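Work through the exercises below with the sequence and the coordinates open beside you.

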Amino acid sequence: MFTNSFWALVPPIIAIGLALITKETYSSLFIGIVVGACFITGFHPVQTVDKIINDGLIKAISDNAGIFLFLVILGIIVALVNLSGGSAAFGRWAKKNIKTRVGASIATFVLGILIFIDDYFNCLTVGSVMRPVTDGHRISRQKLAFLIDATAAPVCMIAPISSWAAAVSSTAEGLNNGMSGIQLFIKAIPYNLYSILTLIFIVTLTLMKFDYGPMRMYEWKAEKEGELGAIEPEDESEPNAKGRLVDLLIPIIALIVLCTIGMIYVGGFFGGDYAGDFIGAFGNTDAFVGLPWGGIIALVFTVIYLVARRVLTFTKAMECVKKGFFAMVPPITILVLAISLKSMTSELGAAEYVHGIMLGASGSLSNFLPAVIFIVACLLAFATGTSWGTFGILIPIVTAIFDPSSPLLIIGISACCAGAVCGDHCSPISDTTIMASAGAQCDHVTHVSTQLPYAITVALVSFVGFIVAGITKNLLITWVVSLVLLFATMVVLRAKTGKNAN
């Protein structure tokens with residue numbers, strides 16, 4: 001009764017609804033897991049408990065131990081950099097060189113664009129580096145979380161060398177005659193309306209100096225009253241006077257370089273099927289192994305560097321291990337619960353249910369299918385909290401529906417990718433959204449509620465754009481219509497809400 005039907009989407013819908021209503025993430029996710037386990041076991045009490053523990057929580061921890069390890073490593077590195085005075089030194093530099101709130105927002109955006117390798121890495125790195133800067137300019141943590149989240153997934157989705165490109169290309173590999181998975185991904189980039197429009201939206205919103213929805217209130221409180229919306233305890237200790245800007249830059253650069261090396265090493269760049277093939281190795285990598293591989297070496301390097309610089313003693317450096325671990329307990333807990341909920345949804349047959357809907361619609365909708373695919377991908381990613389799972393479900397369907405020679409195939413793949421990112425942005429159980437909250441160190445549900453109006457604005461424009469793309473099959477016309485509609489919408493919103501005092 002409950003499998004391969006709409007019931008498969010009920011557990012995440014319950015969890016998301018409760019989270020948005022109660023503003024309480026842990027219990028909402030757990031209730032969703034319980035409902036899913038009850039559906040799977042037919043409400044058998046003992047089997048339900050067994051399903052929750054063994055197939056839910058324990059499996060979530062064991063299957064994702066690599067990314068949890070990477071989160072802890074990042075937490076420790078951030079604690080080391082903070083204690084060394086590197087973050088404070090960056091804050092002093094930024095205070096001299098970044099003069100305005102607009103400049104701080106643009107700097108956050110630019111750093112997010114530059115770290116396109118992986119979204120987890122992007123969220124936590126950008127958050128830890130830019131928090132002192134945005135705090136100094138009284139930008140709310142909710143706005144920082146939005147800037148992080150709205151940059152991380154979109155830039156990874158349009159970067160041919162990223163963990164997301166690897167996920168999409170591996171899913172699409174062998175499904176369409178004449179093109180490899182990575183070729184199909186690259187061809188789909190120009191039509192990825194939501195990802196590109198989101199980046200344009202950030203810059204335009206920042207330059208127009210206004211906010212709307214719940215974000216407007218948080219930004220007003222931050223600027224006028226100094227209430228930034230941070231959830232971490234205030235650090236009462238004096239900044240380390242020995243810290244310099246290089247004490248931040250060198251560990252971060254080492255982390256980026258070593259994580260990149262780790263990912264291509266795991267993908268076989270230094271020996272194996274993809275020896276010497278950077279793109280091929282990246283497409284073959286496992287980020288859950290490559291990121292911890294590079295992260296642990298970067299951590300050891302950072303400890304040695306800071307102790308050798310005599311900005312920290314070895315004892316003080318080791319104290320950061322506990323501090324960094326504790327800082328990552330909340331996002332790891334939310335991730336475990338979210339992944340457990342995804343497992344329940346998968347076992348209930350959400351993929352099969354969506355597959356049937358899409359195949360049933362393919363014959364009658366034709367040119368409107370890209371817009372339909374976009375909406376279905378949005379809803380699926382929102383309900384399941386996973387962009388990568390959405391790729392796995394929809395890309396094989398898209399390649400089966402469209403003729404390989406039709407331009408609608410490329411547009412359909414783009415719509416699938418764009419919708420997956422959109423749903424990921426809107427979902428409280430999305431891992432990337434959770435990481436953005438962790439990076440900004442703000443309340444998770446508040447981040448979701450403040451980001452939602454922005455994501456929906458871009459989603460509506462993208463939906464219209466995919467209708468135009470499906471009808472005209474012309475990239476130029478599609479982008480002209482989409483950009484005009486986006487800018488017109490933002491002008492209307494700005495006129496309606498009024499200009500924020502800056």
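The model is a predicted one, in which local features need pLDDT of at least 70 and side-chain atom pairs count only at pLDDT 80 or more, while totals for chains, interfaces and linings use all residues. Residues are numbered from 1 along each chain as its sequence is written, and side-chain values use heavy atoms, with hydrogens and water left out.

**Exercise 1. Characterise the lining of the second largest pocket.**

Step 1: sort the lining by residue class, which gives 11 nonpolar, 10 polar and seven charged residues; here Ala, Val, Leu, Ile, Met, Phe, Trp, Tyr, Cys and Pro count as nonpolar, Asp, Glu, Lys and Arg as charged, and the others, Gly among them, as polar.

Step 2: take the volume, about 620 Å³. On a 1 Å grid over the protein atoms alone, a pocket is an open set of points with protein on both sides within 12 Å along at least five of seven lines, a cavity is a set where a 1.4 Å probe fits but cannot get out, and lining residues have an atom within 4 Å of a point.

Step 3: locate the centre, to which I339, K342, T386, W388 and G389 are the closest of the 28 lining residues.

**Exercise 2. Describe how helix α11 packs against helix α24.**

Step 1: find the geometry; α11 (residues 193–208) and α24 (residues 475–497) pack at an angle of about 35 degrees with axes 11 Å apart, where axes are lines fitted to C-alpha atoms over the stretch in contact, and angles run from 0 to 180 degrees between N-to-C directions.

Step 2: list the contacts (heavy atoms within 4.5 Å); among the residues that meet are L193, I196 and F201 in α11 and W479, L483 and F487 in α24.

Step 3: classify the contact residues, which divide into 13 nonpolar, three polar and one charged.

**Exercise 3. Decide what the radius of gyration says about the chain.**

Step 1: apply the globule rule, 2.2 Å times the number of residues to the power 0.38, with the radius taken over C-alpha atoms.

Step 2: compare; for 502 residues a compact globule would have a radius of gyration near 23 Å, and the protein chain has 22 Å, which agrees.

**Exercise 4. Which residues line the second largest cavity?**

Step 1: the cavity has a volume of about 50 Å³, a volume being the space filled by probe spheres set on grid points joined across faces, edges and corners.

Step 2: the lining consists of I77, V78, V81, N82, S87, S128, V129, L248 and I252.

Step 3: helix α4 gives the most, with four residues.

Note on methods. Helix = DSSP H or I, 4+ residues; strand = E, 2+ residues; numbered from the N terminus.
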